[in-house]
Amino acid sequence: MHGRTLYLLAALVGGAILPIQVALNTLLRRYVGEPMQVTFISYLAGTLASLALCVAARSPLPAATTLAQTAWWMWVGGCLGTLYVWSTIFATPRIGAALALALTIAGQMIAALLLDHYGALGLAKYPASPTRIAGAVLVVLGVALVAYAKR
């Protein structure tokens, strides 16, 4: 398999897993009640799964000196993930999984286009060309169609 193909498939599978995660978390909310409690359970389960995979793969812990070299804001990714999981648990019962994820994808496209264009947060620069902007606009139009169909 070509190297780039593996990365493309990994991203596709990651995207395909999101609606399943949203559905499972929304179902769990029926039993637990509060979206933030479900978010905690989801992250606890994910932490335990990550730990198990690290142990199975014999991945060594990073050195404390390496961790000390990072900036505080580099650790915010987990907090942003918490906000994402909470927002989908909160919104999905009211607007449906398709619209919740369509809006998520539109938000991701807009943010990613800006991050790529400016090379923000250490990313390589990929200019926001007219073609890339048109792709993002098509995603937003797709969201509008999903939202309209939901009415």
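Helix 2 and helix 4 are oblique to each other. In this predicted model, the two helices pack at an angle of about 130°, and their axes lie 9 Å apart. The crossing of helix 2 and helix 4 is right-handed.

The residues that form this contact can be named on both sides. Helix 2 contributes Pro-35, Met-36, Val-38, Thr-39, Ser-42 and Tyr-43, which meet Gly-78, Gly-81, Thr-82, Val-85, Trp-86, Ile-89 and Phe-90 of helix 4. By class, eight of the residues in the contact of helix 2 with helix 4 are nonpolar and five are polar, with no charged residues.

Helix 2 also packs against helix 1. The axes of helix 1 (residues 3–32) and helix 2 (residues 35–57) come within 9 Å and cross at roughly 125°. That angle makes helix 1 oblique to helix 2. Helix 1 passes helix 2 in a right-handed crossing. On the helix 1 side, the contact involves Gln-21, Asn-25, Leu-28, Arg-29 and Val-32; on the helix 2 side, Pro-35, Gln-37, Val-38, Ile-41 and Ser-42. The residues of the contact of helix 1 with helix 2 comprise five nonpolar, four polar and one charged.

Thr-92 is found in helix 4, which covers residues 77–95. Thr-92 counts as buried because its relative accessibility is 8%, and buried means under 20%. Leaving aside residues up to four places away in sequence, Thr-92 touches Val-22, Thr-26, Ala-97 and Ala-100. Of these, Val-22 and Thr-26 fall within the residue range of helix 1.

These details belong to a chain with six helices and zero strands, following the pattern α-α-α-α-α-α along the sequence. Its C-alpha trace spans about 50 × 45 × 35 Å along the principal axes. Among contacts between residues at least 6 apart in sequence, 60% join residues at least 24 apart. Buried residues make up 16% of the 151 residues in the chain. The chain exposes about 11,200 Å², of which carbon and sulfur atoms supply 73%.

Note on methods
Residues are numbered from 1 along each chain as its sequence is written. This is a predicted model: local features need pLDDT of at least 70, side-chain atom pairs count only at pLDDT 80 or more; totals for chains, interfaces and linings use all residues. Side-chain values use heavy atoms; hydrogens and water are left out. Axes are lines fitted to C-alpha atoms, for helices over the stretch in contact, and angles run from 0 to 180 degrees between N-to-C directions. Helices (H or I, at least four residues) and strands (E, at least two) are DSSP runs, numbered from the N terminus. Angles under 35 degrees count as roughly parallel, over 145 as roughly antiparallel, 65 to 115 as roughly perpendicular and the rest as oblique. A crossing is left-handed if the near helix is turned anticlockwise from the far one by less than a right angle, and right-handed if clockwise. Contact means heavy atoms within 4.5 Å. Ala, Val, Leu, Ile, Met, Phe, Trp, Tyr, Cys and Pro count as nonpolar, Asp, Glu, Lys and Arg as charged, and the others, Gly among them, as polar. Buried means under 20% relative accessible area, exposed over 50%, partly exposed in between (1.4 Å probe, protein chains only). Accessible areas come from the Shrake-Rupley method with a 1.4 Å probe; for residues, only the protein chains shown count as cover.
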